[in-house]
Amino acid sequence: MRKKTPFFPNMISFLLKLLLLGGLCVAFVFVLFFFYGNRIPFHRNGYYLIIALYAVALYGLMHIYHCFKFDRVSGRELLLSTFLACVIVNAAIYLVISLVCLGFINAWYMLGLMGVQLVYAALIIFIMRNIYPHLFPTRRLLIICGKDGPQSRQLAMMYARRKSHYRRVDRVVVQPGMGDIGQLLESYDQFLLCEVEEPILSTVLDFAYLNNRSIYIQPTLSQFLLSSAHHTQFQDILLLHQPSQVMTPEQRFLKRTMDIVISGLGLVILSPIMLLVALAIKLSDHGPVFFKQDRCTLDGRIFSIYKFRSMRVDAEKDGAKLATQGDDRITPVGRFIRRVRLDEIPQLINIFKGEMSIVGPRPERIENVEAYQAQLPEFSYRLKVKAGLTGLAQVQGRYNTSPRDKLMFDLQYIQNFSIWLDLRILLQTIKTLFTPESTQGFDEGQTASTVAAAGVSAPPANTHQPEGSPAHSTQEGGETTP
């Protein structure tokens with residue numbers, strides 16, 4: 001039987017995480033007392049409250065941004081996530097202090113604080129990333145596939161690149177009737193199952209349970225739908241209960257209220273930027289400023305989505321196709337507004353009108369829905385809620401994430417819906433805007449049909465520009481002007 005992870009490495013890991021959070025908070029306390037102390041009309045308890053709010057907010061945001069997952073996230077992303085969490089919390093606390101002081105206080109000290117926090121976070125992350133491989137032993141992973149395919153090969157390559165975690169990654173294709181595989185399993189610490197049939201699944205589960213080995217399963221859609229089921233009991237019989245995935249009236253009211261408030265404020269605050277973008281588009285080629293496109297939302301209803309036009313007026317004269325890197329259909333102004341995610345702002349109008357929500361599955365074109373449903377009949381499940389400006393598939397996936405995997409992210413959102421989950425996704429969306437590598441695109445010439453038929457992530461080679469936002473992180477093709 002495999003030994004449990006030693007206590008000492010876990011304690012070292014915990015202390016370094018505490019050191020990261022504590023150091024960032026100590027830097028704030030220093031600035032608060034030494035630079036703002038004579039401006040803030042606080043008594044002692046007021047300072048304690050501000051410090052407590054800062055620590056709780058920073059911890060919560062760092063947790064949402066996965067800043068403590070030194071073993072799973074790259075050093076660059078860790079640093080970006082930590083710095084972004086500090087910027088957001090510092091800005092919020094600065095506004096709170098300014099409100100208390102009845103006027104804006106000197107912001108240079110806060111900017112200096114962010115610089116110090118950036119350097120400190122880089123140091124701690126560097127230390128942790130370098131000592132982590134020495135704290136925890138590397139493992140041996142076996143990927144067990146029911147059939148040979150590009151997705152399992154891609155998984156093997158992705159795991160093999162994690163040298164700090166795995167010293168050995170192998171892939172084997174097994175089918176019922178191949179005989180006992182128990183001897184093969186003995187050589188590995190972890191297993192990842194991809195599309196295996198029941199006899200093999202039971203064999204690996206039995207071995208892992210009896211020998212204290214960990215196991216990952218890439219579920220089928222049926223298995224995934226049951227993943228959120230609750231254990232219940234009828235007399236002396238244990239059952240799984242999958243409740244109806246319908247929002248309560250209270251949830252619908254709160255979600256709609258949040259949509260109206262955020263979209264209304266967004267339209268007011270961003271109106272000057274919208275005016276400048278509209279002028280730039282009009283002056284560049286004298287074409288329409290906006291374009292409309294029919295999309296699917298709740299219960300398959302069709303609505304016209306609004307976006308700033310970023311392509312030529314005749315972008316789809318040869319038929320719909322997905323945008324690629326260097327796509328000559330994109331105008332110079334369009335390339336810029338796509339890169340900085342401004343082309344999606346008009347969708348706030350759709351949200352204010354009630355056709356979309358701030359958070360939800362991205363609305364797909366009608367022809368895309370038909371193409372995906374031909375390969376994945378369950379794709380219609382995502383129409384149980386309103387389409388959204390951003391969603392779980394956008395903050396967790398990539399532009400070229402397969403329709404099947406995007407569907408699973410959307411179903412995970414639907415099955416676990418809460419207002420708190422919406423807020424988490426909104427906060428994660430801010431981070432996504434600064435991580436262009438999460439928006440790798442498709443191969444030139446790919447359509448929704450070919451992507452759906454492939455069923456796996458398209459290769460990321462020389463395709464989409466790093467311009468996508470949560471709204472770009474869906475398989476959207478060209479544009480049709482109204």
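**Entry 1: the nonpolar patch**

I looked up which helix gives the largest share of the nonpolar patch, and I found helix H1 (residues 7-35), with 4 residues. Helices here are DSSP runs of H or I with at least four residues, strands are runs of E with at least two, and both are numbered from the N terminus. The model is a predicted one, in which local features need pLDDT of at least 70, side-chain atom pairs count only at pLDDT 80 or more, and totals for chains, interfaces and linings use all residues. Residues are numbered from 1 along each chain as its sequence is written, and side-chain values use heavy atoms, with hydrogens and water left out.

I noted that Phe30, Phe33, Phe34, Phe35 and Tyr109 make this surface patch of about 520 Å². A patch is made of residues with over 30% relative accessible area and no salt bridge; like charges are joined within 9 Å, and nonpolar side chains (Val, Leu, Ile, Met, Phe, Trp, Tyr) within 5 Å. The areas come from the Shrake-Rupley method with a 1.4 Å probe, and for residues only the protein chains shown count as cover.

I then checked Phe30, which lies in helix H1. Phe30 counts as partly exposed because its relative accessibility is 45%. Buried means under 20% relative accessible area, exposed over 50%, and partly exposed in between (1.4 Å probe, protein chains only).

**Entry 2: aromatic rings**

I recorded that Phe30, Phe34, Phe35, Tyr36 and Tyr109 form one aromatic cluster. Rings of Phe, Tyr and Trp (its six-membered ring) pair if their centres lie within 6.5 Å; planes under 30 degrees apart are stacked, over 60 edge-to-face, and the rest tilted.

I found 13 aromatic pairs in the structure. One of them is edge-to-face because the ring centres of Phe191 and Phe207 are 5.9 Å apart and the planes stand at 75°. Phe191 is in strand E3 (residues 190-194) and Phe207 in helix H7 (residues 198-210), so this pair ties together parts 16 residues apart in sequence. Phe191 is buried at 0% relative accessibility, and Phe207 is buried at 10%.

I also looked up Tyr413 and Phe417, an edge-to-face pair with 5.8 Å between centres and 80° between planes. Both Tyr413 and Phe417 are buried.

**Entry 3: salt bridges**

I counted as a salt bridge a side-chain nitrogen of Lys or Arg within 4 Å of a carboxyl oxygen of Asp or Glu. This rule gives 15 salt bridges.

Lys431 and Glu77 meet in one of them, at 3.0 Å from N to O. Lys431 belongs to helix H15 (residues 419-432) and Glu77 to helix H3 (residues 75-100), so the pair ties together parts 354 residues apart in sequence. Lys431 is buried at 9% relative accessibility, whereas Glu77 is partly exposed at 26%.

I next examined Asp285 and Arg309, whose closest N and O atoms are 2.7 Å apart in a salt bridge. Asp285 is in helix H9 (residues 249-285) and Arg309 in the loop between E8 and helix H10 (332-339), 24 residues apart. Asp285 is partly exposed at 32%, and Arg309 is buried at 2%.

**Entry 4: a strand pair**

I looked up strands E7 (residues 290-296) and E8 (residues 302-308), which run antiparallel and are joined by 7 bridges. Two strands pair if DSSP finds at least two bridges between them. Gln293 stands opposite Ile305 in E8. The hairpin has 5 residues between the strands, and Asp299 takes a positive phi near 60° there.
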